[in-house]
Structures are given as C-alpha cells and as structure tokens.
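Here is a short briefing for a reader new to this structure. Look at the model first, then work through the points below.

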Amino acid sequence: MGWTKEQLLARLQELQIDFSKYEHPVVLTVEAQAKYVGHMKGALSKNLFLKDKKQRYYIVSALPETKVDLKVLSQRLGLGKGGIRMAPEEALGEILQVPLGCVTPFALVNESARKVSLLLDQGFKNHECCFFHPLSNDTSIALHVRDLDKFLNSIGKTPAYVDLEANPAVGKDQPPDLATLVPSDATILADTPEKHGSSQGSEKNHISVNNQPTVVTVAKAVKPSTAYTKEKPPSAVNLSISYADPEKFVEEILEKTRTIVLAEVKEENIEKHREQLATMISNSISKQLGLELKNIATIFKNTAYTEGFKAGIHHQPKRL
Amino acid sequence: MENQNKEEEEQIVTPWEVTAEKGGKIDYDKLIDKFGCQRLDQSLVDRVARLTARPPHVFLRRGVFFAHRDFNDVLDAYERGEKFYLYTGRGPSSEALHLGHLVPFMFTKYLQDAFKVPLVIQLTDDEKCMWKNLTVEESQRLARENAKDIIACGFDVSRTFIFSDFDYVGGSFYKNMVKIAKCVTYNKVVGIFGFSGEDHIGKVSFPPVQAAPSFPSSFPHLFSGKDSLRCLIPCAIDQDPYFRMTRDVAPRIGYHKPALIESSFFPPFRFHDGETGKMSASDPNSAIYVTDSAKDIKNKVNRYAFSGGQDSIENHRKYGANLEVDIPIKYLGFFLEDDAELEHIRTEYGAGRMLTGEVKKRLIEVLTELVERHRRARAAVTDEMVDAFMAVRPLPNMFS
C-alpha cells in the first residue's frame, strides 16, 4: 500500500525538515485550496501528472501562474510534438497512490512511483515557502524548496528545477534541453486502456496554451537516458561475451555458414548446378557472409585490444 | 552566417547553413565551379579500384563522393609507396545520430581498409560548446557517446586515434594551431566564415582547431619524424571553406596541402517548401536514426518518405515514377550494394511496372539490416573500448 499522510509527515520530522501544516476540508483544485491557505505566506502549487507514448510518467509541479505548454514541454523532452499528455485517472491511483486532485512531489516516496520523473518550477526558488499536499487533499504543508530538495535527495531523487515557460528551439543541432529528465524505463501498468487523459476533469490540472520565448535554463542533469541504457536485453551482455571468447566467436561463424550451406543444398539447386554445386555454394558463402564476417572480426579484434589496453594501464612494473 | 542581397538568389553552402536556390535542389556542378574543387570522375574511381585490388565503395560507384582536391596526387604518391593518413571528424551536438551522419564514417572505414592507412577522428566538442551553447561537460559527454557510434562503424583500433578537442588540444597540436592562426588575418576569416563584430572571440579563433589535424606534426605520438606524410580528408562538401583556408596556409608553414574527397548531402526524407538542403533532425520523422526499431523504420519509410510515384495506379503504370524526386530510390542509391538490382528497380519503377510499395519494402529491408548491424556493433562498444580508441598511444602497425 502507498504511504499515508501520517507516515510521510513522520518521515519529514525524522529528516528534520521544517514545515507548517494546515488542515482544511478536502480540496480538488488550486482555487479551492487558495480559499483556505491562500492568504498565508507561501506560494501554492499546481501539479500535473503526465504520461508519454512510451508509458513513462512525469510530475510537473509549478507555481499556479506559470504557464505550462505541454506541446513545448514534449519537444523539450525530446518526445516530438504532442508526445506528452495528461495521465489517465487510473494511473494516479496505481502509480502515485494518491487520490484525484492530490498530485504532489511527495508521491515519489512510493515505490510504485520510483520511475516517475519530477520537473519543478524554477519559480519556486523565489518564494520563502511553497504549499504541497502531503499525500492527502485535506491537508497542505508549506516548506522551503531546499527542504523539499532534502526530502527528494533522501529518497534518491535529484531535484530538477526548470524554467517551465521557456521555449527553446529544438532541432538537429539544438538537442532537447530536458531530454535527460526522461525516465530511462517505462512503467508497465496492469491494464491501462489507452484513454485520453483526464484533462477536462480536475481544474487543478488545467493547462494553458500560451508560451513565451524566454532565456533557456538547462535543468540540472538527472542520469542521462539514451536508447541504449533503456534497452539492455540479456542478449546484449551475451553479445560482448562472444566477442571476447574465441570459442563462441568461431561457433557463431560456423553457425552462420552452416545456415547458408543447408539453405542452398536443396533439390532445385542440385539439379540446376550439379557438378558446380560446390562452387555455387562457396560463392554464396563469400557473397553473403564476407562483409558480415569482416565486421564481426573487427569487433573481435577491437575487444581483444581493449582488454590488453586495460590490463596495460593497470600493469604493475616488475619489482626489482 | 547571414548572406544578404544578391546572394539570396544563389544557393548557400557553408558549414552552418545549406539551402538550395528557390524551390530547387542543390546544384553540385555550380558548387564545384564556385568552390574550385574537381569532379571525381569514373577514371579516378577505376584507378582506386585498381590500386586497392577491390571493388570501389558503393558511395564512389554512385557518385555520393563526387568532388575532390588533389586526390590524384595522393594516389600518385601511394603508387610510389608513399602512404598517407586519413582525417575526419564530427561535431558532437546531439546524442541521436541518423543515417546521414554515418555516411562519411562508412566511407572513411572503407578507405582505411582499402588503403591500409591510419585514421585520426576529431570530435569538436569545443565547437559545439561554443556554437550550440552547451556546457563543457555536456559537450564532452556527447563526444564520448558519439564516439561509440563512430566505433560501431567498424574502425580498426590498431589504426585509429579518436580525440576530443577538450582532451587533446595542447602541446604540438597547439603549436600548429598558433602557426596556422598567424597565417590567417582577421579579415580573411571574416570573409570565409562570415563572422561579425557581435560574434564572440571563441568562434573567431576556432578555425585553426579544425585545421591543425591536417598536419602530421600535430600527432607526435603517431607521426613523429614523418613531416612529409600526406593527409586525405573525407568530408561533406560544406566543410570545404575550412580546408580551403588550411590548404592556403600549408605551404607557408612547410607542409603538404591536405587532400580532400567530398560528398554531396544526404537527402531529407521529405521535401517541405524551402527545405531542399540537408536532412533536418528537428522532426524525428524526417530521418532514420540508428536507434530506430524495425517497426519505426517501417513506419517512417511507409508514411513519410516522399514518393515520386504517381497518385493512382493507372497513372503510375502509364507514366512511371519521377525518379528525380523519389526518396526511396535515392536512399537505395546510397545503401543498396548490388548495382544490378538497383538498376533493375530504377528501370521498372521509372517505367511504372513496379509500384512505390515494392520499392519502399525493399528499402525497409535494406535499412533495417543496416541499422540492426549497427546496433549490434554498438552494443559491443564498452567505455573501456572508447578509452582505448581515445588513448594517446603509438600505433605500431598502422601502415601494414
């Protein structure tokens, strides 16, 4: 089960994080929340729970007045245009384990939200403190962002502050500036129908479409995820092993050769070529395999050289 | 770089901008005239085949690499037993490499294997840090990531030195940079690259960095005592201005002029208005990336590759396809090895007997195999292997 409000608050106290707690009737929107704590010192936050086409999830936590344009965000994350949208309601419960209208950075404490990426409005840093829900809509806590950072660090997350209104160009030579914030793995849900996000429902998660070109600030880099770190199937490990192991390497070559020979020795070819069958097969092998074998032989050589190189730099000179 | 007034009607080809004349394609003949380089004709291609005792690379056969400077001299020297070294590079500005990025490396690998010569690869992380406003760390990180894809193209570690500017500039390399810089006036560099008073001094002083690898004394750990070793630079033709400057300087500091072998541009997937120059990667659907899955490739080719086929089957059978604008045919020209098969497809498609779908299907096969092979090779590249390629070390067998 997900963390409760009490468990979270106890944890914050353990971490010696100062916060002010305000209880109020359940609220589902920033406007409603403002009625109860809006007059206090501190900035409210609007929190969006988003999802991209590859089942990766994001929380965007921003000042209510910050304009968040999902199209721009999608490009800045390197997801192309329209690559990101509001996550479906079910995901709220399954991944963040919070009720509707309660998206909050604190939800990342849950194991189920381990791979969710968090984008924080750089504007939070300009306020003495900011309000977030501590996993429940009937309470709001205010804390300074550096204490929020402390909490995030304690759960192994690096805080990423972003100028959410920036709209930098993204192109061939201008890489998407927020690409490092894309989670490296997809989160697979039990059965999530591909529904359009619940953007019409909760006002708390409203988005506006304006974007203003402002100076880009590159977000603090979280562990970069490339397509290669994402796909590390077991076979990748086996591959590099076969390039370091002569037996496996030769086996692979023989396997490929066998495949071709077996494919070519069939009745129609026997009839067609007869005495020339052997020549024809050996030509086939050269033509189909030549290039590929040269390539994998080069990889084999490079791997062996690298092993030697590594051993060489760690080599201890002979003791006299 | 801004070109104003009458230049606007002409095509623009510089290291930072490539656009064709209004609504047209790049005119490569005009480019050769304007730049003053030479056409790489069939006799040269045949000569290469003879000298290397192997069929010439598909990019030579299809005229992808179509221009050169002094390639004949390099071949003359080679015939006399004088070797040369190869120099190419990449500006690591993005993690995502597409097929267009691989083209110069695929060709350089062929040159390395065919002539059995060493190769230096420069990663201009400093350039991208300056021009694309990346942090130093980010550009260094991208350089290492790109190095992995480059290594995956199949270079021989015992003959290849990869270096990043941030790591390597200094020592003899820097001495050459200063020698080069002393020979190029500010006015000249403004004239060649179009710098303005607003450009920061980093940009203005960058050209010697890209010029220095053309001289063997920049690599004392490799070419010590071989000051007369020639250099051959495979590159895209938009890099010509850098090397015109370098060739101008070379005799004044006592070195051979570097020779160039230049390629045309990789066509973008689809032609938008005004986008008739280089492939653009701001739209991931306009390019095939080395990280694309087989499914991605199939989708992209089927949906986005601009077709020269007619709009209906009847018209197509009647008039045939327009091979001039058809993208799948162009791509097959780059990547389909078999000349006979390509010729067959061109004939049948041009006559309307073959449909766009079939051509695209063949292209998908070819590209998928290519990308798959690259991915396998890339998976075998470890950080230690990158370290090995980038280590400043002697290469004892680099000419054998």
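Arg76(A) and Asp177(A) form a salt bridge, with their closest N and O atoms 2.9 Å apart. This pair links distant parts of chain A, 101 residues apart. The model is predicted.

- Arg76(A) sits in helix H3 (residues 70-76) of chain A. Its partner Asp177(A) lies in the loop between strand S8 (161-162) and helix H6 (227-230).
- Are Arg76(A) and Asp177(A) buried or exposed? Both are buried.
- Arg56(A) forms a salt bridge with Asp52(A). The closest N and O atoms of that pair are 2.9 Å apart.
- Arg56(A) and Asp52(A) are buried too.
- Over all chains, the count comes to 43 salt bridges.
- Side chains of opposite charge can pair when their charged atoms come close.

- Arg144(B) forms a salt bridge with Asp387(B), and the closest N and O atoms are 3.0 Å apart.
- Arg144(B) lies in helix H7 (residues 136-151) and Asp387(B) in helix H20 (residues 383-390), so the pair ties together parts of chain B that are 243 residues apart in sequence.
- Arg144(B) counts as partly exposed because its relative accessibility is 28%. Asp387(B), at 35%, also counts as partly exposed.
- Salt bridges with shared partners join Arg144(B) and Asp387(B) into one network with Glu145(B), Lys148(B), Asp149(B), Arg378(B) and Asp383(B).

**Where chain B meets chain A**
- In chain B, 38 residues are in contact with 26 residues of chain A.
- The area buried between the two chains is about 2,800 Å². Carbon and sulfur atoms give 60% of that area.
- Which residues of chain B lose the most area to chain A? They are Val157(B), Arg376(B) and Met385(B), together 18% of what that side buries.
- Between the chains, the count is 3 salt bridges. Glu384(B) forms a salt bridge with Lys310(A), with the closest N and O atoms 3.6 Å apart.
- There are also 7 residue pairs in polar contact between chain B and chain A.
- Helix H5 (99-115), H7, helix H19 (356-379) and H20 of chain B each supply at least two residues of the side that touches chain A. H19(B) gives the most, with 6 residues.

**A nonpolar surface patch**
- Val26(A), Leu28(A) and Leu100(A) form a nonpolar patch on the surface. Together they have about 260 Å² of accessible area.
- Val26(A) is in the loop between strand S1 (20-23) and helix H2 (30-37) of chain A.
- Val26(A) counts as exposed because its relative accessibility is 59%.

Key
Residues numbered from 1 in each chain as written. Chains lettered and ligands numbered in written order. Predicted model: local features only at pLDDT ≥ 70, side-chain atom pairs only at ≥ 80, totals over all residues. Heavy atoms only, no water. Patch = residues over 30% accessible without salt bridge, like charges linked within 9 Å, V, L, I, M, F, W, Y side chains within 5 Å. Areas by Shrake-Rupley, 256 points an atom, 1.4 Å probe, with all protein chains shown as cover. Salt bridge = Lys/Arg side-chain N within 4 Å of Asp/Glu carboxyl O. Helix = DSSP H or I, 4+ residues; strand = E, 2+ residues; numbered from the N terminus. Buried < 20%, exposed > 50% of the residue type's maximum accessible area, 1.4 Å probe, protein only. Contact = heavy atoms within 4.5 Å. Buried area = accessible area lost by both parts, 1.4 Å probe. Polar contact = N/O pair within 3.5 Å; in protein donor to acceptor, adjacent residues only side chain to side chain.
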